[in-house]
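Open the model in your viewer and keep the sequence panel beside it. The stops below go from the whole chain to single residues.

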Amino acid sequence: MLAAPINPSDINMIQGNYGLLPKLPAVGGNEGVGQVVAVGSSVTGLKPGDWVIPANAGLGTWRTEAMFSEEALIGVPSDIPLQSAATLGVNPCTAYRMLMDFEQLQSGDSVIQNASNSGVGQAVIQIAAALGLRTINVVRDRPDIQKLSDRLKDLGAEHVITEEELRKPETKNLFKDMPQPRLALNCVGGKSSTELLRHLAPGGTMVTYGGMAKQPIIASVSLLIFKDLKLRGFWLSQWKKDHSSDEFKKLILTLCDLIYQGQLTAPACSEVPLQDFQQALGASMEPFMSSKQILIM
């Protein structure tokens with residue numbers, strides 16, 4: 001392995017409250033990039049020196065080396081940035097599929113999301129901008145909110161507002177010069193998701209892919225009846241089960257094209273040596289952590 005990030009889903013898996021749990025004993029980490037050092041005589045699609053990422057979750061990427069079957073890996077270009085390769089297989093894939101699969105969005109349409117500074121959130125901002133979509137990005141208030149807002153706008157965010165601002169009546173002024181969003185992306189739950197629903201256009205869809213607040217989604221009956229809103233969920237592991245490995249490879253190549261064009265970069269990262277994994281795990285669980293921890297092997 002060359003590098004592997006620490007994602008919230010990795011922590012959830014270790015805690016035993018994720019939708020996919022490996023047999024114990026197990027190695028942590030579901031994402032990362034490695035380099036092939038040797039292949040067996042029957043391997044035809046990979047060669048020494050190739051960069052590879054896991055084909056599925058549960059591979060265990062927080063380690064220096066391992067032996068895997070060819071089917072467990074997907075080759076990626078070795079000329080993209082290391083951090084981009086290490087964070088390619090989960091968050092950008094989730095962002096792209098949610099933008100493409102639930103509403104038929106056209107250039108100029110808008111999308112609203114919470115947890116906008118997360119790995120998925122930053123990928124949503126960049127991919128949406130590449131598609132000509134406008135984004136309203138909700139974040140928790142914090143001491144360095146202006147610095148965070150500037151960074152997200154540099155990625156392509158049109159509006160960055162706090163959870164508190166989203167609840168104010170003045171928020172409707174945002175939609176004077178842009179269409180109401182037909183798609184909302186929810187990674188928080190609780191009151192935050194309720195507010196996303198309130199700002200959706202009639203017939204719109206809210207897609208939930210995380211539950212950081214560990215609180216249920218509360219949907220107003222009137223919004224469901226009179227605005228015909230739809231509630232959906234997305235889990236990349238399930239998408240992979242429903243689609244062929246060739247389709248996942250095509251998705252990876254699409255994202256690599258965006259990287260080559262400068263339209264998709266890795267989230268803000270802090271590189272940490274593998275031997276300091278405890279420090280990295282602790283930092284990953286701190287509130288308002290805007291930098292993803294990446295273990296360097």
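Start with the entire chain of this predicted model and display its surface. The accessible surface of the protein comes to about 14500 Å², and carbon and sulfur atoms account for 54% of that area. Of the 297 residues, 48% count as buried.

Now switch to a C-alpha trace. Along the principal axes, the C-alpha atoms fill a box of roughly 65 × 35 × 35 Å. The radius of gyration is 19 Å, which agrees with the value near 19 Å for a compact globule of 297 residues. Colour by secondary structure: the protein has 11 helices and 12 strands. If you draw the contacts between residues at least 6 apart in sequence, 69% of them join residues at least 24 apart.

Next, select the charged side chains. The protein has 26 positive and 29 negative ones, and the centres of the two sets lie 6 Å apart.

**The two domains**

Colour residues 3-89 and 266-296 as domain 1, and residues 103-233 as domain 2. Domain 1 is given by two segments of the chain, 3-89 + 266-296. The C-alpha centres of domain 1 and domain 2 lie 29 Å apart. In the contact between them, 5 residues come from domain 1 and 8 residues from domain 2.

**Helix H3**

Select residues 91-101, which form helix H3. Is this helix mostly covered or mostly exposed? It is mostly covered, with 9 of its 11 residues buried.

**A cis peptide bond**

Go to leucine 24 and proline 25 and look at the bond that joins them. What is the geometry of this peptide bond? The bond is cis, with omega at about -5°. Most peptide bonds, by contrast, are trans. Proline 25 sits in the loop between helix H1 (8-15) and strand E2 (34-35). At 83% relative accessibility, proline 25 counts as exposed, because the cut-off for that class is over 50%. For a distance across the model, select leucine 264 as well: proline 25 and leucine 264 are 239 residues apart in sequence, and their C-alpha atoms are 36 Å apart in space.

Move to proline 202, in the loop between helix H7 (190-198) and strand E9. Proline 202 is exposed, with a relative accessible area of 58%. Not counting residues up to four places away in sequence, proline 202 touches Gln180, Lys227 and Leu229. Phenylalanine 288 is 86 residues from proline 202 in sequence and 33 Å from it in space, C-alpha to C-alpha.

**The loop between E9 and H8**

Select the loop that runs between strand E9 (205-208) and helix H8 (221-226).

Glycine 211 is partly exposed, at 41% relative accessible area. Leaving out residues up to four places away in sequence, glycine 211 touches Cys187 and Val188. Asparagine 186 can be selected with it: glycine 211 and asparagine 186 are 25 residues apart in sequence, and their C-alpha atoms are 7.9 Å apart.

Alanine 213 is in the loop between E9 and H8 as well. Alanine 213 is partly exposed, with a relative accessible area of 30%. Which residues does alanine 213 contact, leaving aside its neighbours within four places in sequence? They are Val188 and Gly189. Lysine 168 lies 45 residues from alanine 213 along the chain, with 21 Å between the two C-alpha atoms.

Lysine 214 also belongs to this loop. With 67% relative accessibility, lysine 214 counts as exposed. Check its backbone: lysine 214 has a positive phi of about 55° although it is not a glycine. Most residues other than glycine have a negative phi.

**Past helix H8**

Finish at aspartate 228, in the loop between H8 and strand E10 (230-233).

Note on methods:
Residues numbered from 1 in each chain as written. Predicted model: local features only at pLDDT ≥ 70, side-chain atom pairs only at ≥ 80, totals over all residues. Heavy atoms only, no water. Helix = DSSP H or I, 4+ residues; strand = E, 2+ residues; numbered from the N terminus. Rg over C-alpha atoms; globule rule 2.2 N^0.38 Å. Buried < 20%, exposed > 50% of the residue type's maximum accessible area, 1.4 Å probe, protein only. Contact = heavy atoms within 4.5 Å. Areas by Shrake-Rupley, 256 points an atom, 1.4 Å probe, with all protein chains shown as cover. Lys, Arg positive; Asp, Glu negative; His and termini not counted. Charge placed at Lys NZ, Arg CZ, Asp CG, Glu CD. Domains from an automatic or database assignment.
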